Every structure is written in C-alpha cells, then in structure tokens.
Amino acid sequence: MSDDLHHSPVAFSPSVEVRADDEAETIQGLNDQLRLIQEKTAKDYGTAVRGVHAKGHAIVKGKLEVLSGIAPALAQGVFSEPGSYDALLRFSTLPGDILDDSVSVPRGLAIKLFDVSGDRLPGSEADTTQDFVLVNGPAFASPTPKAFLANLKMLAKTTDVGEGLKKGLSATLQAVDAVLETVGIQSPTIQTLGGAPNTHPLGETYYTQVPLRHGGYIAKLSIAPISPHLIELTGSKVDTSNRPDALRDDMAETLIEQDSVWELRAQLCTDLEKMPIEDSSVVWDEKLSPYVAVAHITVPAQVGWERGVSEQQEQAVSFSPWHGLSAHQPIGGVNRVRKPTYEMSTQFRGAHNGCPVHELRSLADLPTRGMTIR
C-alpha cells in the first residue's frame, strides 16, 4: 500500500517539540480549573465525576484487528503486525457536568486496548493497556496550552449554571453554528459552548486532533464508521425534545441490533511547517497526507448502556493518551499538559469517592451487575 503515502513521512525526533517557558504555570492553571469543575459537580451529584467528558452515552466491549499488508511507515507500535486486541470503547460529551442532551457539544470516543506489549510511557510502566482519546473534529479547539487554559476557564464558568439557561444558549448557538457552516466557517469555541450540531454519535468520525509518535514517525489517528447502518447515521440529527438521555437511548437502540464496525486510520506527518506539532488547532491537509486504514474495530451487538452497571463501569476506568506504549507517545504542548491534568482529575475522583481508580488489566476487570467497586 505504498501508494497511500503521497509524500515521505517526517521521522520523529524529540526536537520537533518546543516547550513554552511558562508551561508549568499553565499546567497549574489547568489543574486549578479542573479541580474547580470537579468540586462543583461533586457537590451537586454527591459523587465525583470527570473534569471533562463527564457524561457517558455508551460503554461497550469490542475487538481491534490490525490489518495486514499496510505500508511499513504505517505499521508501527500496536499496528506493527497483524493481530487483535480486546477493546473497551466509551462514548461521551465534552462538559464536566452531566447535562440534558439538548445541550449539544462535541462528542468524544475513548478506546482502551488490552494485553499490549512493548516499551511503556512514563507512569504506565506497570500497565498492559493502550489508550487513544478522540473527539469528532479534525483539530483541537485551542492552538496552545495557554489557549487551552483560556477555553477551560470558560467551561468552568458555565459549570453549575442553571440547565435551563444552558438549553437556551445551546439552541441559540446551534443556530449560529448552522449559519456559519453555510458560508464554510466553523467555530470550535461556539461548538464547545453548546453550538455543535446535535448529530448521532455512532455516525461521527473521531480524531486524536493532536499528534502522536507513530513509532519512528509522527501521526494523527481517526476512527470512522464503515458498517452501512452506521454510515446511514452520519449527519443525522437526534431528537432531544423532552429526552434528557436521548443519546444513550438512540445509541443503545443501534448497538443492540447488529455488530458495528469502524476503521482506525493513521495520517502521517509529511511537512512540519504545514502540519505543525505545537499548534493543535491546525487541520492537517489530507492532500499532503491522507488518512490510511491500519485496523478495524468491531463491537458485537450488545447493550450500550445498562442503568446501574454502566455508571459503575465508568467510575472504575480512566482513559489517558499517556496510558500506553512509547511508540505512541503524545507530542506537542497540548498533549504535554494533558498528562498531569488527566492524572489529577482521576486522583480527585478516587480520593473523593473513597476508591482509587486502578488501571484495568483485562475486560474481565470491568464491574458487572451485582459487583461493587472496592
């Protein structure tokens, strides 16, 4: 499949990263804002939830199968040779509070692979998992860690604001976003605050948005539906009228009917100026380097959300792009500041709930009906 690579990929080197002088200060600011969000929501709910992507809509088990015959530059890390891995998938939405689904915000997809071997990232040496964290947009809303902090401050200010006000704001922002799209403009800020199109999560394409090492190279990853029944959902709107958990309900209806398959794709960096590492808001041009399939993810027909069980499963698991192999090291400023902030958010959940979150060893470790988390 060498024809899939239009230009020579850039080799990874630590020199592609350039740290800002005030990065430590920015990390402290991010930690402060996430803690503020989590303290507010823990007080409201009586239990601590994630600082971002607090509301889950489906948590399902599947399998990732690495494809054969992919180009050597793409066959890196967990994709280095054909094989399969058990996988856990969690679909979510952005805010740190659990909102009515009529408040439409970007969707997230986190994936955890099990029994992965290889050199590990710092802090995950004792683990055997590989996480990928994705959102349904090709680039991050903020170009730099400092801009990320500014956006998080906006989210923190809206946390715990009356839900009725958020519904009204979201409806207005969705209308504004629709008008902007007619003239070819997208505003990540408007979408983050509730103006994202209220589309079906199972029809969306998800992106890491920020770059990762891809073995000896650099890449962004995406996950796109390839099952016909999922493709039919692409762009379809979800009716959220008087349905606070409409996304859970509609996803569950689809997931239980038949097996669902997605394609995992890698986009190699071929030009450091046009595909920058330290500006996460830049969409990498697919004319310079297309997304190429490296694996399939299959989710057998199953219950997408089981009340009383899925909530326990969500609390028992954490996802971070820093859980994994050195071959998939997150790179760039936004990724660097995510490591300590994700760790802080997970530690807050564990400490407040009196139950530290331990990294899973296998799908069998996931709570099931009748189990309690200890």
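Start at the second largest pocket: its lining holds five nonpolar, two polar and eight charged residues. Keep in mind that this is a predicted model.

**Stop 1: the pocket**

Show the pocket as a surface; its volume is about 290 Å³. Fifteen is the count to check, as 15 residues line this pocket. Now select V49, I98, R248, E311 and E314, the lining residues closest to the pocket centre. Then colour residues 310-316. This is helix α7, which gives the most to the lining of the second largest pocket, with three residues.

**Stop 2: helix α8**

Move on to residues 333-353, helix α8. The helix has 21 residues. Draw a distance from its first C-alpha to its last: the span is 31 Å, close to the 30 Å expected at 1.5 Å a residue.

Where does the kink in α8 lie? Centre on K339, where the bend is about 30 degrees.

Now go to what follows α8. Select G354. Its phi is positive, near 70 degrees.

**Stop 3: the cysteines**

Select C355. Is C355 buried or exposed? C355 is buried, because its relative accessible area of 15% falls under the 20% cut-off.

How many disulfides does a search of the whole structure find? The search returns zero. A disulfide would be a covalent bond between the sulfur atoms of two cysteines.

Notes:
Residues are numbered from 1 along each chain as its sequence is written. This is a predicted model: local features need pLDDT of at least 70, side-chain atom pairs count only at pLDDT 80 or more; totals for chains, interfaces and linings use all residues. Side-chain values use heavy atoms; hydrogens and water are left out. Helices (H or I, at least four residues) and strands (E, at least two) are DSSP runs, numbered from the N terminus. The expected span of a helix is 1.5 Å times one less than its number of residues. The bend at a residue is the angle between axes fitted to the seven residues ending there and the seven starting there. A disulfide is a pair of cysteine sulfur atoms within 2.5 Å. Buried means under 20% relative accessible area, exposed over 50%, partly exposed in between (1.4 Å probe, protein chains only). On a 1 Å grid over the protein atoms alone, a cavity is a set of points where a 1.4 Å probe fits but cannot get out, and a pocket is an open set with protein on both sides within 12 Å along at least five of seven lines; lining residues have an atom within 4 Å of a point. Grid points are joined across faces, edges and corners, and a volume is the space filled by probe spheres set on the points. Ala, Val, Leu, Ile, Met, Phe, Trp, Tyr, Cys and Pro count as nonpolar, Asp, Glu, Lys and Arg as charged, and the others, Gly among them, as polar.
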